[in-house]
Amino acid sequence: MNLAYIPSPSTSVVHLGPIPLRGYAFCIIIGVFVAVWYGNKRWIARGGKAGTVADIAVWAVPFGLVGGRLYHVITDYELYFSDGKDWVGAFKIWQGGLGIWGAVALGAVGAWIGCRRRGIPLPAWADAMAPGLVIAQAIGRWGNWFNQELYGKPTDLPWALKISEGTDRVAGTYHPTFLYESLWCLGVAALIVWADRRFRLGHGRVFALYVATYCVGRGWIEYMRIDDAHHILGVRLNVWTAIVMFVLAVTYFVISSKLRPGREEIVEPDAAEAAESAESAEDGDASDSVDLDKKAETGDKPEEAEAEAEPADEEAAAKKS
């Protein structure tokens with residue numbers, strides 16, 4: 001008998017006063033807010049304007065949600081389109097089922113549209129957002145805890161996850177893969193923030209590092225899961241996807257480092273122009289202040305000069321007469 005374990009919630013619904021909110025959706029919403037908030041701080045630190053991240057997120061988030069759901073439905077189509085299944089369930093996103101690969105791919109399309117509308121380079125925006133995105137994933141994984149899904153193999157470890165009897169699941173204690181991935185994501189966030197500060201990464205390399213390091217963790221965590229999944233050559237589909245994405249991310253990182261070393265000097269033209277205008281105004285105010293100081297030092301005051309000139313003119317007139 002396992003005396004120590006992580007309990008699963010008795011319900012998947014969180015009540016915000018009179019408003020019922022499913023735990024899965026709640027975790028996704030909190031993750032989005034954290035990503036936008038932290039991304040905004042990083043964007044401003046890189047020389048961008050406040051609010052730009054949120055404006056682009058208006059495009060990226062809906063595209064990402066659609067992409068994540070499409071990936072899940074396509075790779076697990078039998079859950080919705082096989083005999084005895086209701087295809088309407090494919091639209092019930094609150095019941096769980098978002099594929100991170102589809103979310104990143106289609107979310108990038110939405111971000112590209114938003115960046116083009118603002119005249120901003122997508123790689124720079126992606127670099128600013130990368131740590132916030134992986135933290136959002138760490139938060140979002142707790143939605144699987146609310147739904148009692150995507151757990152690993154049976155175990156009697158003290159941190160085992162207790163699963164109750166339900167549809168398509170057997171009561172018992174299992175590896176809490178949601179927790180493993182959540183902790184891994186937090187570690188990835190810490191790593192890429194450190195690497196960004198230490199090596200001044202730019203041109204999309206922070207985002208590439210995020211994808212590569214996340215894939216490493218997702219690969220071994222995926223092996224622990226026991227939920228049904230498609231296999232290719234005996235390997236789960238998501239493992240293959242992680243391998244492909246890892247190779248692409250590392251390749252981009254290496255090539256980008258050679259072709260475009262360093263970090264972007266300007267990430268948002270409007271912000272740079274506003275900063276230059278502010279500096280010019282400050283320089284003008286400073287030069288005016290210097291001129292006034294010089295006049296004060298030399299005693300060059302208009303009233304005193306006129307007062308001194310009047311006696312001199314009177315003396316000159318007296319000599320002539």
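This is a predicted model: local features need pLDDT of at least 70, side-chain atom pairs count only at pLDDT 80 or more; totals for chains, interfaces and linings use all residues.
How many of the 20 residues of α8 are buried?

1. Residues are numbered from 1 along each chain as its sequence is written, and side-chain values use heavy atoms, with hydrogens and water left out. In helix α8, 16 of the 20 residues are buried, so α8 is largely enclosed by the rest of the structure; buried means under 20% relative accessible area, exposed over 50%, and partly exposed in between, with a 1.4 Å probe and protein chains only. Helices (H or I, at least four residues) and strands (E, at least two) are DSSP runs numbered from the N terminus.

2. From its first C-alpha to its last, α8 reaches 30 Å, close to the 28 Å expected at 1.5 Å a residue, the expected span being 1.5 Å times one less than the number of residues.

3. The largest nonpolar core has 21 residues, and those with the most contacts inside it are Trp-101, Val-134, Ile-192, Tyr-210 and Tyr-214; such a core is a set of buried Ala, Val, Leu, Ile, Met, Phe, Trp, Tyr and Cys residues joined through side-chain atoms within 4.5 Å. Two or more residues of this core come from each of α4 (100-118), α5 (122-140), α7, α8 (205-224) and α9 (237-259), and the largest share, seven residues, comes from α8. Another core, of 16 residues, lies apart from this one and has Ala-60, Ala-111, Ala-136 and Val-267 among its members.

4. Aromatic rings of Phe, Tyr and Trp (its six-membered ring) pair if their centres lie within 6.5 Å, planes under 30 degrees apart counting as stacked, over 60 as edge-to-face and the rest as tilted, and by this rule the count comes to 11 aromatic pairs. In one of them, Trp-142 and Phe-178 have ring centres 4.8 Å apart and planes at 80°, so the pair is edge-to-face. Trp-142 lies in helix α6 (residues 142-147) and Phe-178 in helix α7 (residues 177-199), so the pair ties together parts that are 36 residues apart in sequence. Trp-142 is partly exposed at 31% relative accessibility, whereas Phe-178 is buried at 4%. Together with Trp-145 and Phe-146, these two residues form one aromatic cluster.

5. A salt bridge is a side-chain nitrogen of Lys or Arg within 4 Å of a carboxyl oxygen of Asp or Glu, and the count comes to 13 salt bridges. Arg-46 forms one with Asp-196, their closest N and O atoms being 3.1 Å apart; Arg-46 sits in the loop between α1 (23-45) and α2 (52-75) and Asp-196 in helix α7, 150 residues apart, and both are buried. Arg-118 and Asp-55 form another, with closest N and O atoms 2.6 Å apart, but here Arg-118 is partly exposed, with a relative accessible area of 26%, and Asp-55 is partly exposed at 40% relative accessibility.

6. The side chains of Arg-141 and Glu-181 also meet in a salt bridge (3.1 Å, N to O). Arg-141 is buried at 13% relative accessibility and Glu-181 is buried at 4%. Both belong to a network of salt bridges that also includes Arg-218, Glu-222, Arg-225, Asp-227 and Arg-236.
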